Amino acid sequence: MERIALVTGATSGIGKVTARALAQQGHRVVLLARDLRKAEDTAAEIRRAAGHDRVETLACDLGSQAQIRRAAEEFKSRHDRLHVLVNNAGAIFMKQSLSPNGIEQTFAVDHLAYFLLTQLLLEVLKSSAPARVVNVASAVSMLGHIDFDDLELKRRYKGARAYANAKLANILFSNELARRLGGTGVTSNALHPGGVASRFGHNNAGIFTLAVKLLRPFLISEEKGARTSIYLATSPEVEGVTGKYFVNRKPRRPPREALDESVARRLWEESARMTGIQLALTEVNAGPDDTRREAST
Ligand SMILES: NC(=O)c1ccc[n+]([C@@H]2O[C@H](COP(=O)([O-])OP(=O)(O)OC[C@H]3O[C@@H](n4cnc5c(N)ncnc54)[C@H](OP(=O)(O)O)[C@@H]3O)[C@@H](O)[C@H]2O)c1
């Protein structure tokens, strides 16, 4: 049976290598990207590398919740199966800027987009089980903190802090998703890809871009950076493994705050509120006396 994978941020860096590897392993791959021309060029390149035509594009700027909703609908109109979702697209914004929804961009693109896209595709993931959600986080999550009084750093914005917080949010989301998906056959894991010589950070100007360029010789290749994503998306070794954080294809203890279930639960609720998800998935592996139910989005 054909396996279908959706990779966000597949026009560059780790996402592109991941999408290519999934296609080479025989998946039908859907490349979600904001720049459709770039996406079409990438799709053509991946079709050539994989030796088959089952590579599609899906237009979506992940800063826009309306576009995420449209993309999820478009995906579901094309396919009734999804076996692998790789939430990979990310960016750092050294200057504070807002998404079309009026939400700080780092929080919107790096965290809320993972949350919303996954929610909208949950039913199709569950009906395709065994299925996997792979969330690309970062080791900088160790510098992050979730301050529920100021999730978007409205008081005092710092780009590096916003990014570290969002990457911590990725792990909290991944773990909470794993808990809520218990028993469904859909797994959720997060990872740090390593310091990768990709285009990451290039959307910023000045000293930050210069620093990123100076760091390049010390960074690993995009191919190496994508290894853990590909491993979590496909390896039989991690079949059924869920709620873990991986570095170098090995489970690692994430930062302490990432393991705080009360923070994860509250972040889930806040994220549902900020994305207009009315009835977020509640815990499905609850005991028989538990009245909590799984609800649609
Ligand atoms: N590079 C590292 O050292 C490093 C370390 C730890 C974690 N990570 C994480 O790894 C992931 C991939 O990063 P990378 O290093 O491969 O960076 P990259 O080369 O800059 O690729 C980022 C991808 O995300 C896409 N993207 C960014 N904003 C988007 C938006 N609003 N809507 C749709 N797509 C968007 C980009 O699209 P465009 O092509 O249109 O720009 C690109 O395809 C990110 O989540 C990042 O946080 C990277």
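Predicted model: local features only at pLDDT ≥ 70, side-chain atom pairs only at ≥ 80, totals over all residues.
Reader: Thanks! Where does N248 lie, and why is N248 called partly exposed?

Author: N248 sits in the loop between β7 (245-247) and β8 (250-252). A residue is buried with 20 or more other C-beta atoms within 10 Å of its own, exposed with 12 or fewer, and partly exposed in between (C-beta atoms are placed from the backbone). N248 has 13 other C-beta atoms within 10 Å, so it counts as partly exposed.

Reader: What makes R249 partly exposed?

Author: R249 has 15 C-beta neighbours inside 10 Å, so it belongs to the partly exposed class. R249 also lies in the loop between β7 and β8.

Reader: What is the phi of N248, and what is that of R249?

Author: Phi is near 55 degrees for N248, a positive value in a residue other than glycine. For R249, also not a glycine, phi is positive too, near 60 degrees. Most residues other than glycine have a negative phi, and most peptide bonds are trans.

Reader: Which peptide bond is cis?

Author: The one joining A129 and P130, with omega about 5 degrees. P130 is in the loop between α4 (105-127) and β5 (131-136).

Reader: Now the sheet: which are its edge strands?

Author: The sheet is open, has eight strands in the order β3-β2-β1-β4-β5-β6-β7-β8, and its pairing is mixed. Its edge strands are β3 (55-59) and β8, each pairing on one side only.

Reader: How do you know that β1 pairs with β4?

Author: Two strands pair if DSSP finds at least two bridges between them. Three bridges join β1 (residues 4-8) to β4 (residues 84-87), so these parallel strands qualify as a pair. Within this pair, A5 stands opposite V84.

Reader: What makes the shell around the ligand polar, nonpolar or charged?

Author: Ala, Val, Leu, Ile, Met, Phe, Trp, Tyr, Cys and Pro count as nonpolar, Asp, Glu, Lys and Arg as charged, and the others, Gly among them, as polar. By that count the shell holds 10 nonpolar, 12 polar and five charged residues. Helix α1 (residues 13-24) gives the most to this shell, with three residues.

Terms used. Residues numbered from 1 in each chain as written. Helix = DSSP H or I, 4+ residues; strand = E, 2+ residues; numbered from the N terminus.
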